[in-house]
2 protein chains.
Amino acid sequence: MKAFAPEQIKKAANVLRGLAIDEVQKANSGHPGMPMGMADVVATLALDHLRVCGSMPDWPDRDRLVFSGGHGSALLYALLHELGFGLSLDDLKGFRQLGSKTPGHPERGRTAGVEVSTGPLGQGFANAVGMALSQAMAAARFNAPGAELLAHWVWVLCGDGDLEEGISHEAASFAGALKIPRLVALYDSNGISIEGHVEDAFRDDTPARFKAYGWRVLACDGHDPAAIDKALRRAKKLSLEGPVLVVCRTTIGFGSPNRAGTAKVHGEPLGPDEAKLAKKALGLPEDESFHDPADVRALFEARAAAMKRLARKSERVRKAALAADPAKAALWDACVGKTVPADLAAKLPAFDPAKPVATRAASGKVLQTLAAELPWLVGGSADLAPSNKTWLDAYPAVAPGDFSGRNIHFGIRELGMAAIQNGMLADGFFGVYTATFAVFADYVKPALRVAALSELPALYAFTHDSFAVGEDGATHEPVEQLASLRATPGAVVLRPADATETAAAWAVAAASRTAPVALFLSRQNLPVLDRASGDLAPASGVARGAYALWQGGSGLPEAIVMASGSEVALALEAARARPERNVRVVSFPSWELFAAQPQAWRDEVLPPACTKRLAVEAGASMGWEKWTGAAGRVLALDRFGDSAPAGVLAKEYGFTAQNVGAALDALLG
Amino acid sequence: MKAFAPEQIKKAANVLRGLAIDEVQKANSGHPGMPMGMADVVATLALDHLRVCGSMPDWPDRDRLVFSGGHGSALLYALLHELGFGLSLDDLKGFRQLGSKTPGHPERGRTAGVEVSTGPLGQGFANAVGMALSQAMAAARFNAPGAELLAHWVWVLCGDGDLEEGISHEAASFAGALKIPRLVALYDSNGISIEGHVEDAFRDDTPARFKAYGWRVLACDGHDPAAIDKALRRAKKLSLEGPVLVVCRTTIGFGSPNRAGTAKVHGEPLGPDEAKLAKKALGLPEDESFHDPADVRALFEARAAAMKRLARKSERVRKAALAADPAKAALWDACVGKTVPADLAAKLPAFDPAKPVATRAASGKVLQTLAAELPWLVGGSADLAPSNKTWLDAYPAVAPGDFSGRNIHFGIRELGMAAIQNGMLADGFFGVYTATFAVFADYVKPALRVAALSELPALYAFTHDSFAVGEDGATHEPVEQLASLRATPGAVVLRPADATETAAAWAVAAASRTAPVALFLSRQNLPVLDRASGDLAPASGVARGAYALWQGGSGLPEAIVMASGSEVALALEAARARPERNVRVVSFPSWELFAAQPQAWRDEVLPPACTKRLAVEAGASMGWEKWTGAAGRVLALDRFGDSAPAGVLAKEYGFTAQNVGAALDALLG
């Protein structure tokens, strides 16, 4: 379609500014500064470049638009309103109100057109890297000469805050190393931060920094539609070879006579008087709220109509191409649907009870099967694949120019890795696992939280899961990480007891569609429990969170020992050494899965009448009282670890069958 | 003293290599790659530049040496052994064994000469930035023309892993913005990572990147002592104007014929055969372990003797300068001793019960008093000072060229801020607080953990502490952050109920010498409890973690409602509305402080005979069962928040006095 005139775009930008001002004003809460500063860039992008379709918000080949600074949501909502994404003026009037489609920061799943939940600065930037990586990987699978099923751009708006955050380094460096194409970052460079002037804390030569990452860098006056348009055209072209940063020189709060260019305009409503003055300065009717004139609506409607035609055509091309290639069609459906074969569990490897194996190693073996069965599964580690055992042996790694692989070298960038993973998941083509040492779950956490609240099924293999890390010492030995993730709403934590439970845990993980799932896996070898022996329950109980693994008698047990991971074998050994007592051993890999079971199951596993309960876990005790009750006991580790061979530490901290037995005896009386 | 000849340094380096090989070999665990790769750099640094004294390890004006890659500890220990820091060959033989002075990663407090605990990559780099900042701030206070009491260098060894981590961006960008002097980073650039080649994930032009931060960048052959020496001399000079990066081109595992330059040498013992081959290649006796020849010992002893003379002279100068300036001497003693006036509590502001105030605002007021009373207290926020209320009004900010201020603009870099804080604390001159939103405690956590395990009293003001953040929505509303930090060994969490408790909490924090202390503070106004009214206990109970605030009768209560922070007022209102029932309200600001009390106090506050217990807290329920017991109830928030006015959310989630009363009624029966 024909490009709009700069004056048209300028007017459209001012209408977006007015809507954003009024959203914030009506809520009496929010951030007018970024919307007013970036409206010209956004209007130019939306009217002349952004390939999205409000009536087909999930069009696979749509451009992705991310506001990494989620506080600019008022502008995003105004834009989605204009582009026909089903946001009415009333929705804009409900900005920041309970249950509205227009929450304070964009929330994935709540608003059509919102690709990811943003707010924690820098994460959206990394999400965009993940989306572009996902597209490149999908394109390598589905595109063919003459049938470019995936050929869109990922646009991410970011500000000084995003680029100060360390995650921006991790994601930008990663994107540069892989020369990820079709990624364009629009940097809102306005010189202002909450404490005043950006330069008080941040004097980077940002263009030079991004060039050092291998990005191409452009710049433009962020208030000149013609200059913006020129930069965007050039950026799209350059981005075919690798990521591009466009530095948009802007004035925060542009249009506000008394607040533009100040820290005050960032996060406070303008107030009625300044709002009027701003509207006047912007050529908007100063006494009207939510002004949405027909001429500007017509611009966006024209754009929307053109995009609808484009989307329909794109979908016709895609369907024809897939119809002509059943194998590709099957792969497409598997990727988009994340289908899991009904007989997956049966195909997973079995493990020999005669051969102790670390659950990380069992996990590595299971992953090879999953890779074969689940073509949509890809993943990688933060440079610990040989330790995490997460390499998919039959497949190459993605590399610059060749994104057909399934292994990803994320580099030593745990948080960036997890946020890139979120972006890949949001993109919709791949299920993605990532991996690092369990103690570094702390680094992953801020992105895991976003995965949980936006219901992205991010899978994590956290290996080296207790003091049994041993010689590497306290900095490498997790203690509180299980508790921290268990306390996070929506996340599922699984700590399998042996190789067999590890396979069952991966089956649960692979089937997750809305919850992030974290597997905690041992560095050290663990016995493979001999479930064929007849006295142990099958590992299928893992899916229910906790199950009675063994009992020394029948009926109501005298006492229950519950444990997770490496401690289950200790509990079993201690209980078996007391054949005269009717002790039940409960394997308890997941609190969240257990809590989600019907009360009947929970009472069956942990009969309320049995109050003599011992919990054993090589981590912080916090929260186990919920399961042991007041009369119970917890054998845990509420201190940091040490550097020593794991066996020495196990004795030092009391994680031996003998000591578990002693605790059990004390409980039994 | 005269510089050593390159051949002498080369031989010393090879002896250090041999010791490191044997440490790892004897432990059969550890990392030979970095020690062998960086031995030439370290030997050159130690013999000709590093100003440290083994017999005076706490010499205030010593150079600081940080191995950001703590996995290179075998080299650090070999060096500390040679320089007379009290590490014997037997200590080296105890590498990675329980209770030794030579744990797998360096641990502050365990080994003289180890400045900070390192292991989590990148944090040591940020610690070094903090140490250099601390020196610059101390120098601004204590140096005078002709009496430069503080004029040392901070040397940090870092590798590709450190520079891939996002925290390296945060810390380097910060150091560049402030032009922090006397900071030299020695980059071990060896091209190898655990997954293989660094370039698979990391292709930064690192010199260009650091120049973009405002650093000066040098390079040298990391195996040529003369070239290294030249670079170090130049770096010292350049660093007087701002931070310097020296790119040392090295071969990982240098000297190992079959493993040098491979990923395998990074983290595995060489094995006996390759160890022999390496020793032979390095000119060391291949059948001898822990070879420590007299000629090399003599080199280090000569250096140590010279440094001892320097340290003694330095201390004489310092003492004379301080003796001549009693005000400066008093300030020095206060800074180093972190002295707190005995009457501090009495000087803290009192708050008017007629005027509700947010605890973040009360905290801001208290901080002004603390700043006046504690000259050693400095701090800042991750660009949220106006929201966190952490600005010290009477003092300027540190700025390039003027480090006399007490406010620090950390920028939007939460993790970097916290690790810089750790470095400042380890430096020894300042007590340091940092601040951000409570939900971003997740970002701070990896550094808070290191503070806890190395017993650094980092103080954190985490404001906006519950769903009451309101309109900013789920990404900005903490839920699980309290649980996460409470599960962390050694950390103290305090969530004061009102302004008066906030003052008491700050008094606890200011007195902490070995524990990090995190204050969780409200965004919203809270009632100031009227403790003069006679029926409320004084806020001095805060120091004991929990205390009976109010009781509706006497003797054993019928029920207890315990709460923290903003929920205490709700509990009080609910209990007071039931004058006929003998209900006790317990204010419970800190689990850790309460758990550390004698059993008698704990039983007095929570009498075991009273099992009807209700806990109320606007956060994850996890762990409250420990205090309520099985018969108790927990009114908490085990879900993510929403974007809406705080009052609307309070009703939605049941955090009203009415709903607390209903829960209490259900408990009372």
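**Figure 1. Salt bridges across the predicted model.** Over all chains, the count comes to 64 salt bridges, where a salt bridge is a side-chain nitrogen of Lys or Arg within 4 Å of a carboxyl oxygen of Asp or Glu. In general, side chains of opposite charge can pair when their charged atoms come close. One of these pairs joins A:Lys347 and A:Glu373, whose closest N and O atoms are 3.2 Å apart. This pair links distant parts of the chain, since A:Lys347 lies in helix α14 (residues 344–347) of chain A and A:Glu373 in helix α15 (residues 359–373) of chain A, 26 residues apart. This is a predicted model, in which local features need pLDDT of at least 70 and side-chain atom pairs count only at pLDDT 80 or more, while totals for chains, interfaces and linings use all residues. Residues are numbered from 1 along each chain as its sequence is written, chains are lettered from A and ligands numbered from 1 in the order in which they are written, and side-chain values use heavy atoms, with hydrogens and water left out.

**Figure 2. Chain A as a whole.** Chain A has 26 helices and 20 strands, taken as DSSP runs (helices H or I, at least four residues; strands E, at least two) and numbered from the N terminus. The radius of gyration of chain A is 28 Å, close to the 26 Å that the globule rule gives for 669 residues, so chain A is as compact as a globular protein of that length; the radius is taken over C-alpha atoms, and the rule is 2.2 Å times the number of residues to the power 0.38. Along its principal axes, the C-alpha trace of chain A spans about 90 × 55 × 45 Å.

**Figure 3. Domain 1 against domain 2 in chain A.** Chain A is assigned domain 1 (6–311), domain 2 (344–526) and domain 3 (542–668), with bounds that come from an automatic or database domain assignment. To the contact between domain 1 and domain 2 of chain A (heavy atoms within 4.5 Å), domain 1 gives 33 residues and domain 2 gives 30 residues. Between these two domains of chain A, about 2600 Å² is buried, of which carbon and sulfur atoms give 67%; buried area is the accessible area (1.4 Å probe) that two parts lose on being put together, summed over both. The count of salt bridges between domain 1 and domain 2 of chain A is 1, and A:Arg64 forms a salt bridge with A:Asp427, with the closest N and O atoms 3.0 Å apart. On the side of domain 1 of chain A that touches domain 2 of chain A, the largest share, 15 residues, comes from α5(A).

**Figure 4. Where chain B meets chain A.** The contact takes 97 residues from chain B and 98 residues from chain A. Together the two chains bury about 8000 Å² between them, with 58% of it on carbon and sulfur atoms. Between chain B and chain A the count is 10 salt bridges, and in a salt bridge the side chains of A:Asp442 and B:Lys445 meet at 2.6 Å, N to O.
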